[in-house]
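Here's a quick tour of one model, with the cut-offs spelled out as we go. Have the viewer open and follow along.

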Amino acid sequence: MLVLLAIIGWPILFSVWLSLRNADGSHFVGLHNYVSIFTDPATLTALKNNIIWLVSAPTLACALGLVFAVLAERIRWATAFKIVIFMPMAISFLAAGVIFELVYQADPHIGVANAVLVELHDTFAPASQYPAAEPRPTTGYRAAGGGYSSPAEYTPGSVANIPLIGYSVLDLPKSAVQAVPATAAPGEITGTVWLDLVYGGGGTPGHIDPGKKGTPGITVEALSGGRVVAKSAVRADGTFALHGLSPGGDYRLALPASDFSKPYAGVSWLGPDLVTPAIIVAYLWIWAGFAMVLIAAGLSGIPRELQEAAKVDGASDFQIFRKITVPLLAPVLLVVLITLAINVLKVFDLVYIISPGSTLSVANVLAVQMWSVSFGGAQNQGLGSAIGVFLYVLVLPAMYVNIRRIRRERRES
């Protein structure tokens, strides 16, 4: 009792006393610090985020744990599966925070999450090979919807030259070769699209000089009345040919926006809109294994005769799961929910480590706010203690429910 009073009782009483004092503890201010909790914008943001955590994180972790526990009973390598799912519990919150800080990096070459998104995006919507390229201004091509259109109209049999700039010679596709002038052809509009730059400098702007290469992959379109009537892909030497045109017709050439679209860079996971859900995912990665182990232990105690009898009566697997397994697991699920609820109310490490400085205020929670006002620069021990006492009061209902459940189980046993 003396040890418990020293390490638990006295700190609680001292925190309550300090919460009634000013920043340095020299003057009594009554409930002023508790009023500040509900008027300070930063603390209100932290309280709102704690509510989001309390509603979502325990529920999702419990649901995932239930799914994993049921799956573990139906697969051959159940032990290996449980080890893989539970393994994150062996990692400290500090290490897990560092891991997910890297996972959520914006650069797809570093962040795994964006690397996966970029790969999936580029699989179905490949990025342009010529981002930021544009026709040389002297050609008169006008920007239109991310692409460019010619200032003049062309008739079949004419030749159009389109020199491009704004793109590095070193970034050209490996298939690009020396650009060549196009040859006029009856019934077709031909031309050359080339990078109007020479590696190392030199050459005349607007002319196809030695060393200037074609831009394979670019699409050239022929427009009539604002409608695309023909299109052609540029070859390795820069030449193209638009077929199927009406003799004597006038056509405007266009380079669509898809020729110059910037590469997809993924999602700003740690931006103000997604930082809290991203951190909750990191939390689930750790604690879903904990929920799985407890629920799996509860599953092992369910009488199999009930499930077998339900199968004989014609119940489907989902009906057995919903009407027999889940109700019998209710006490275990309640334990998991309460334990995780207490845990998320005081979550600190993941939020503090994963959130960048620019969005830490958006992802703020009460435990981080308590540390920030007490030791992170403000040095307001009174307000920090008030937040700590308030957080303690929030945890009390969950603790009370847990204690009542333990006492009821003892009486029943």
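Four strands make an open sheet with mixed pairing, in the order β1-β4-β5-β8. The edges are taken by β1 (134-135) and β8 (239-242): each has a single partner strand, so one side of each has no neighbour in the sheet. Strands here are DSSP runs of E with at least two residues, helices are runs of H or I with at least four, and both are numbered from the N terminus. Two strands count as paired if DSSP finds at least two bridges between them. β1 and β4 (residues 159-165) run antiparallel and are joined by two bridges; Pro135 has Leu164 in β4 as its bridge partner.

This is a predicted model, where local features need pLDDT of at least 70 and side-chain atom pairs count only at pLDDT 80 or more, while totals for chains, interfaces and linings use all residues. Numbering starts from 1 along each chain as its sequence is written, and side-chain values use heavy atoms, with hydrogens and water left out.

What is Ala46 in contact with, leaving aside its neighbours within four places in sequence? Asn364, Val365, Leu366 and Gln369, where contact means heavy atoms within 4.5 Å. The C-alpha atoms of Ala46 and Ser361 are separated by 8.2 Å, though the two residues are 315 apart along the chain.
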